[in-house]
Amino acid sequence: MSVAGQPGHPLKVAIVGAGPAGFYAAEALLACGLEVEIDLLERLPVPYGLVRFGVAPDHFKLKSVSAVFARIAQDARLRCFGNVALGRDVSVPELGALYHAVVVATGTDSDRRLDIPGESLPGVHAARDFVGWYNGLPDCADLDFDLDCESAVVIGQGNVAIDVCRILASPIERLRRTDIAGHALDALARSRLRHIHLIGRRGPAQAKCTPKELRELGTLPDWQVAVQATDLQLNPASEQELAQPANAQVARNLDILRDFAARPVQDGRRIHLHFLRAPVALYGNERVRSVELAVQTLTGTPGAQQARPTGERTTLDAGLVLRAVGYRGTTLPGLPFDHARGTLPHRDGRIIGDDGQWLSGWYASGWIKRGPSGVIGSNRADSADTVAALLADRPCLQGARSGRDGLHALLARRQCKVVSADGWQAIEQAESERGRQRDKPAEKFVRIPDMLATADSASRPETART
Ligand code: NAP
């Protein structure tokens with residue numbers, strides 16, 4: 001029997017999810033020196049996942065990595081299957097039978113909750129949904145964020161919290177020069193916000209945001225960052241954390257915070273940074289009106305300090321509450337799931353079942369594998385590790401597989417409307433054209449039927465082949 005990966009017998013791999021982890025897995029496979037046939041499945045009609053729908057619209061440099069992914073999509077050994085979802089259009093057993101290997105790179109499509117009273121009140125949202133809304137994610141297009149209030153509270157001090165705060169406080173003229181969704185631009189233009197509170201349950205030395213993002217808050221015209229100098233006095237364990245070379249970014253954050261605290265206080269709109277405050281309840285009748293916070297103190301050894309309540313409480317007014325306390329993945333029908341971590345259980349990227357055995361041929365990569373951490377580029381090494389495991393398993397991944405032809409036939413039987421790489425390009429070109437008419441770099445489609453119609457009019461969808 002010929003070995004998959006040799007000339008004339010390609011190693012057939014399906015990658016599920018056309019975000020950073022999926023594209024980096026494709027890149028590693030394309031560079032492995034074997035004959036490969038790679039099919040990249042994406043549930044939406046448009047690619048790039050987190051880069052299109054997660055990265056803030058004003059972070060142009062981060063978004064520009066999509067050009068790298070667009071080049072990968074043009075490789076003749078790779079085929080894109082947009083608008084095809086695992087579990088909806090093709091099942092786990094079906095996909096597993098078609099390919100030698102499947103890499104699941106579906107990211108995290110849910111978020112962690114606070115589990116406190118009042119969390120279901122209108123006006124309380126996941127920051128993830130707010131990010132999806134301003135980035136034109138179809139799932140979030142119909143959400144409504146009431147900005148007709150003076151005070152917003154953002155729970156968490158990671159980069160997502162900083163992103164949503166910056167977008168809330170950015171001058172509308174600055175946002176107009178981005179590809180932010182039109183509905184979000186209109187709503188933000190009407191915002192009455194004057195106070196945004198960023199709540200950290202631990203101290204300034206434990207804030208998860210990075211210096212570049214923190215510093216940007218201080219550059220927003222008409223907004224002042226309010227930090228209490230007393231909040232920047234560190235306990236001995238935090239001083240020890242700061243002295244670690246690995247914590248250089250934390251030291252830079254502290255310098256930035258000290259600079260904010262030293263700026264003269266002016267009238268006007270404020271971003272308030274609160275430390276050692278944990279939300280305990282949200283209050284309101286028809287919608288959220290206030291957030292109760294428990295004052296915290298740090299206990300534990302350097303690097304492992306936890307917040308404990310002191311018994312003291314404070315309250316903040318809030319017409320809008322965004323929880324930015326971390327993302328999590330969701331189950332995929334037919335695959336095991338680690339509910340505690342919100343990820344696929346795996347060993348070195350190989351997906352393992354409840355019995356601890358490898359689900360032969362199945363791999364995970366990116367945030368669905370390791371949880372939501374790191375920057376876009378972190379997924380490159382992560383996907384390379386997963387692909388290295390896959391290639392090491394090649395002796396077990398043999399046998400005849402119909403791969404792409406089999407997938408085409410199955411999707412045609414189900415009358416799926418598949419969007420190809422040409423369709424993706426057509427959608428992007430149409431979005432640029434829509435943007436030109438509004439003096440923006442792009443005006444994204446936010447409805448799936450509009451995306452499909454645009455892809456359809458420009459390129460023949462691949463379902464035609466049976
Ligand atoms: P994150 O970095 O893990 O931050 C989560 C924040 O929520 C932390 O401050 C955490 O505090 C807090 N938190 C968690 N549970 C809480 C609770 N029950 N009550 C109060 N606070 C709670 O997560 P993220 O901001 O969602 O970011 C995810 C990843 O994407 C990160 O790697 C981030 O750097 C990356 N990202 C990068 C960019 C960028 O490069 N510009 C932009 C956005 C996101 P504790 O530390 O106490 O747990």
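Reply: Of the 466 residues of the protein, 55% count as buried, in what is a predicted model.

The overall dimensions give the next part of the setting. A compact globule with 466 residues would have a radius of gyration near 23 Å, and the 24 Å of the protein agrees with this. The C-alpha trace spans about 75 × 55 × 40 Å along its principal axes. Within the protein there are 17 helices and 18 strands. Among contacts with a separation of 6 or more, 75% are accounted for by residues 24 or more positions apart. As for charge, the protein carries 56 positive and 54 negative side chains, and the centres of these two sets lie 2 Å apart.

Now to the helix itself. Helix H6 covers residues 127–134. Seven of its eight residues are buried, so H6 is largely enclosed by the rest of the structure. Buried here means under 20% relative accessible area. The buried residues of H6 are Ala127, Arg128, Phe130, Val131, Gly132, Trp133 and Tyr134. After H6 comes Gly136, which has a positive phi, near 80°.

Technical notes: Residues are numbered from 1 along each chain as its sequence is written. This is a predicted model: local features need pLDDT of at least 70, side-chain atom pairs count only at pLDDT 80 or more; totals for chains, interfaces and linings use all residues. Side-chain values use heavy atoms; hydrogens and water are left out. Helices (H or I, at least four residues) and strands (E, at least two) are DSSP runs, numbered from the N terminus. The radius of gyration is taken over C-alpha atoms; the globule rule is 2.2 Å times the number of residues to the power 0.38. Buried means under 20% relative accessible area, exposed over 50%, partly exposed in between (1.4 Å probe, protein chains only). Contact means heavy atoms within 4.5 Å. Lys and Arg count as positive and Asp and Glu as negative; His and the chain ends are not counted. The place of a charge is taken as NZ of Lys, CZ of Arg, CG of Asp or CD of Glu.
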